[in-house]
Amino acid sequence: MPVADARALGEPLEAGDEADGQVAVAGRLVARRGQGKTVFADVEDRSGTMQVWATLDRLGEQGLAVLAGAHLGDIVGIRGTVVRTRRGEVSVAADSVDMLAKSLRPPPDRHAGLTDPETRYRQRYLDLMAAEDVREQFMMRARAIAGVRRFLDSRGFIEVETPALQPIYGGAAARPFVTHHNELDRDLFLRIATELYLKRCIVGGLEKVYEIGKDFRNEGVSFKHNPEFTMLETYEAFADYDDVAAMLEEMVSSAAIEATGGTTVPWKDGEIDFTPPWRRVRLVDALQETSGIDVMAHPDAASLRQAMRAAGLDAPDNAPWPKLVDGILSQSLEPTLIQPTILMDYPLELSPFAKRREDDPRLVERFEAFCGGMELANAFSELNDPDDQRERFAMLQADRAAGDDEAQPADEDFLIALEHGMPPTGGLGLGIDRLVMLLTDRHSIREVILFPAMRN
C-alpha cells in the first residue's frame, strides 16, 4: 500500500501500540541508522516517507542483514505491522525485508539537492528523486490537466484525437518540423496546431470538441517556448468569443482549485488571482496606453516602423505590419500584464481564422489572455465564410512569397470542408505548460516539462 496509507493507520495509536493486521510498503531507501540488533531506516514512495523498525527478534539474522547491508537508493519491500514507537514515531515493525532493486550509482544528496539546471533537466529522474517539491509540482500538473478535462466533459465537450503527422500544417504562424514517410513516399509535417482538424469535426456535427495534445514548432527556445509543448484546443458550435472568454475564466479558476486548492497562487514576489471576472480591454487601446502608438493610425509597415522607433522600440526593417504590431505587444504591453487580462478585438491582419467585427471590419472577434507577463490563451469567433477564408489564405501566401517563412500554407481540403457549412463557432487555444508555470510559481517552461529539449 502507499506509505501515506500505512502512516494513516498509525496516527490514532498511542506510543507503544500496534495496529491490527499486516501491511506491505515499498520504496526507495533514503536513510538508515542503528546497528547490531536494531536498525532504523526511512523508505520513501510517491506519497511520503515512513520509518522502518527492524529488529533481530522479528527479522532474524538473514532478514536484518538485508536491510543492514542495503545502500541508500536501493528499492526495498517491507512487510510488517504499523506501530507507534516509544518515542512517538509511526513506523513499520518489519517482519520481512526484500531487496527489490539495487542502486548501482549513489543517489543525489537529499540535503543539498540538485542545483545544476543542466543536470536537473537532462536527468530529471534525479531531480524527482532528490526533491519532494519537484514531484509535487508534476503531480500538480496532472491534477490541473485532469481538472480541465473534468470541466470540459461536464459541459458536454467530446475529447477527440487528430493527426500529429499532417500533409499540410496550419492553425498558427510557425515553422514546422518535416519528416518523410517511406511507404507513402511523401513529406509530412509534425502539427503546429490542432485547429483545422478540430474545425472539420465541427463541420461534421460533433458541435463541442476538444483535444489536449502535443504541438511541435521549429522555433527558438526561451523561458516560455519549447519546440514540443502541450496545448488544449476547444471548439464550440453556436458560440462566439465572448462565450469562450467566460468559459476560459471559469475553466482556469476551476483548474487552479483542483491543482492548488484555491484561485489565488503565489507568483514571484506577489500573487495571481484567477477569480472571474478578469480584466478586459481592447488590444489597440492597451497598446496605445503602454506605447503611445495608435496602430490603426499607421496602416502600413513603413509608418508603423517609424512610430515604433520614435518610441524607442525595436522594429526590424523587413518585418511586415502584423509582426510589427506583435512587436509592440511583446515589448511594451505583455510584460505589464501580471494579473489575468483579456485583450479583445485584434486587427484583421494578425488573425487569419477569426471573424470580422460587424461594426469595424478592420478588426476581428479575437482575444488573447495574458497572465504573469506572458500569453496564456488565444481565442476567436471562428471564420466560417469559405470565400473570406480563401482570401485570407491568399494574404498569407503573399506573406510567404515576401519571405515570411512562418506564414502558413493554404489548405484546400479545409476550404472544401468549410464549403459544406460550419456553424458559428467559438474556438480556444490554452497553453497547458504556461498554465502549470503560473500554478506552480515556476518561471521557465523547462521547469514544468519533464524532459525539455536541450542542446547536445
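Colleague: Before we start, what should I keep in mind about the model and the numbering?
Modeller: The model is predicted, with local features needing pLDDT of at least 70 and side-chain atom pairs counting only at pLDDT 80 or more, while totals for chains, interfaces and linings use all residues. Residues are numbered from 1 along each chain as its sequence is written, and side-chain values use heavy atoms, with hydrogens and water left out.

Colleague: Okay, at what angle do H8 and H10 pack?
Modeller: Helix H8 (residues 283-291) and helix H10 (residues 321-333) pack at about 55°, and their axes are 10 Å apart. Helices here are DSSP runs of H or I with at least four residues, strands are E runs of at least two, and both are numbered from the N terminus. The axes are lines fitted to C-alpha atoms, for helices over the stretch in contact, with angles running from 0 to 180 degrees between N-to-C directions.

Colleague: So what do you call that arrangement, and which hand does the crossing of H8 and H10 have?
Modeller: H8 and H10 are oblique to each other, given that angles under 35 degrees count as roughly parallel, over 145 as roughly antiparallel, 65 to 115 as roughly perpendicular and the rest as oblique. The crossing is left-handed, a term for the near helix being turned anticlockwise from the far one by less than a right angle, whereas clockwise would be right-handed.

Colleague: Which residues make that contact?
Modeller: From H8 they are Leu283, Ala286, Leu287, Thr290 and Ser291, and from H10 they are Val325, Ile328, Leu329, Ser332 and Leu333, where contact means heavy atoms within 4.5 Å. By class, the contact of H8 with H10 has seven nonpolar residues, three polar and no charged ones; Ala, Val, Leu, Ile, Met, Phe, Trp, Tyr, Cys and Pro count as nonpolar, Asp, Glu, Lys and Arg as charged, and the others, Gly among them, as polar.

Colleague: And how do H5 and H13 cross?
Modeller: The axes of H5 (residues 132-154) and H13 come within 10 Å and cross at roughly 120°, which makes H5 oblique to H13. H5 passes H13 in a right-handed crossing. In H5, Gln137, Met140, Arg141, Ala144 and Ile145 meet Ile432, Asp433, Val436, Leu439 and Thr440 of H13, and the residues of this contact divide into six nonpolar, two polar and two charged.

Colleague: Switching topic, is Arg84 buried or exposed?
Modeller: Arg84, which is found in strand S4 (residues 75-84), counts as buried because its relative accessibility is 14%; buried means under 20% relative accessible area, exposed over 50%, and partly exposed in between, with a 1.4 Å probe and protein chains only.

Colleague: What does its side chain reach?
Modeller: The side chain of Arg84 reaches the backbone oxygen of Gly88 at 2.7 Å. Not counting residues up to four places away in sequence, Arg84 also touches several others, including Glu11, Glu14, Asp17 and Glu89.

Colleague: What about Leu248?
Modeller: Leu248 is found in helix H7 and is buried, with a relative accessible area of 0%. Leaving aside neighbours within four places in sequence, Leu248 is in contact with Trp278, Phe367, Ala369, Ala377, Leu428 and Leu430. Leu248 and Ala369 are 121 residues apart in sequence, yet 9.0 Å apart in space, C-alpha to C-alpha.

Methods:
A polar contact is a pair of N or O atoms within 3.5 Å; within protein, one must be able to donate a hydrogen and the other to accept it, and residues adjacent in sequence count only if both atoms are side-chain atoms.
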